[in-house]
Amino acid sequence: FESGILYCQVHDLYWYECSGHPVRFYGIVMIIVLVLLGLYFLLNVYNLAWLFLPSFGKLRRIMAAYKKTTANQAWDGELGQFYYNNRDVQLLLNLLASSSGLSGPLRSLALIDRDFHLACLPELVSCHGADKFVVNIKIKEGSLLDHLNTMSGVRVSFLLEVEGETASFSSKSERCFEATLENSSIQTKSLMIRTLVNGKIMASNSFLIPATED
């Protein structure tokens, strides 16, 4: 390529020196093709690793953590039949999590299994108020929510809803959160707490309001 002359064998008998070819252009094209083939090879290696190594998917890591934190073998029930023992559903949900975020797959799993749904919710600690209605919740240490709250790239937040009024929970400490409503005259006996992952609802549940302390 450096000399600009190509040696061509014709009919296995004669050698010809062919000049005038755009040798530099051929070299550039060859380099581009090699780079693209290298990228294609690396992408296929990544795809295989993503399929067979659980640590490459956030949803896989979350479900593995839930499996470890659950003491009553809950994965042997509906969740085990639908997710843990079904590789097709695992692949589809992990693809959905990669393209659309974690909230959709987690919400689907929470609708299927009640124990998983409860694991996606915080604990109601107290409700009190005089001029304002204040609600305190906490994340249980070592729970699924605790694992989600410490994952990189995952933002867990909570929303309070009472009699059509809503308020966001703010962090008081590492696992404790507090929400305040200006209306202190709450008549209903229940409140709704929603868990959000990256701004999208993952689970929600109605809690009975304990005796309000003034």
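Trainee: Which residue of β6 is the bridge partner of L159?

Mentor: The bridge partner of L159 in β6 is S168. Strands of a sheet pair through backbone hydrogen bonds, either parallel or antiparallel. Here β5 (residues 156-162) and β6 pair in the antiparallel sense over four bridges; two strands count as paired if DSSP finds at least two bridges between them. Before we go on, this is a predicted model, with local features needing pLDDT of at least 70 and side-chain atom pairs pLDDT 80 or more, while totals for chains, interfaces and linings use all residues. Numbering starts from 1 along each chain as its sequence is written, and side-chain values use heavy atoms, leaving out hydrogens and water.

Trainee: What is the strand order in the open sheet?

Mentor: The order is β6-β5-β9-β10, four strands with antiparallel pairing. At the edges stand β6 (165-168) and β10 (200-208), each with a single partner strand, so one side of each has no neighbour in the sheet. On average, neighbouring strands are turned by 25 degrees against each other, direction ignored. Helix α5 (residues 103-112) packs on this sheet, touching β9 (190-197) and β10, and its direction makes about 40 degrees with that of β10. Such angles, from 0 to 180 degrees, lie between N-to-C directions of lines fitted to C-alpha atoms, for helices over the stretch in contact. In total the chain has seven helices and ten strands, taken as DSSP runs numbered from the N terminus (helices H or I, at least four residues; strands E, at least two).

Trainee: Which residues of α2 are buried?

Mentor: An α-helix has 3.6 residues a turn, so residues three or four places apart point the same way. In α2 (residues 58-69), the buried residues are L59, R60, I62, M63, A65 and Y66. Buried means under 20% relative accessible area, exposed over 50%, and partly exposed in between (1.4 Å probe, protein chains only). These residues of α2 pack against α1 (23-52), α3 (78-84), α4 (87-100), α5, α6 (114-119) and α7 (144-150).

Trainee: What does F169 touch?

Mentor: Leaving aside residues up to four places away in sequence, F169 touches V135, I137, F158, L159, L160, F177, E178, A179 and I193; contact means heavy atoms within 4.5 Å.

Trainee: Where does N198 lie?

Mentor: Most residues other than glycine have a negative phi. N198, although not a glycine, has a positive phi of about 55 degrees. N198 lies in the loop between β9 and β10 and is partly exposed, with a relative accessible area of 36%.

Methods
Expected span 1.5 Å × (residues − 1).
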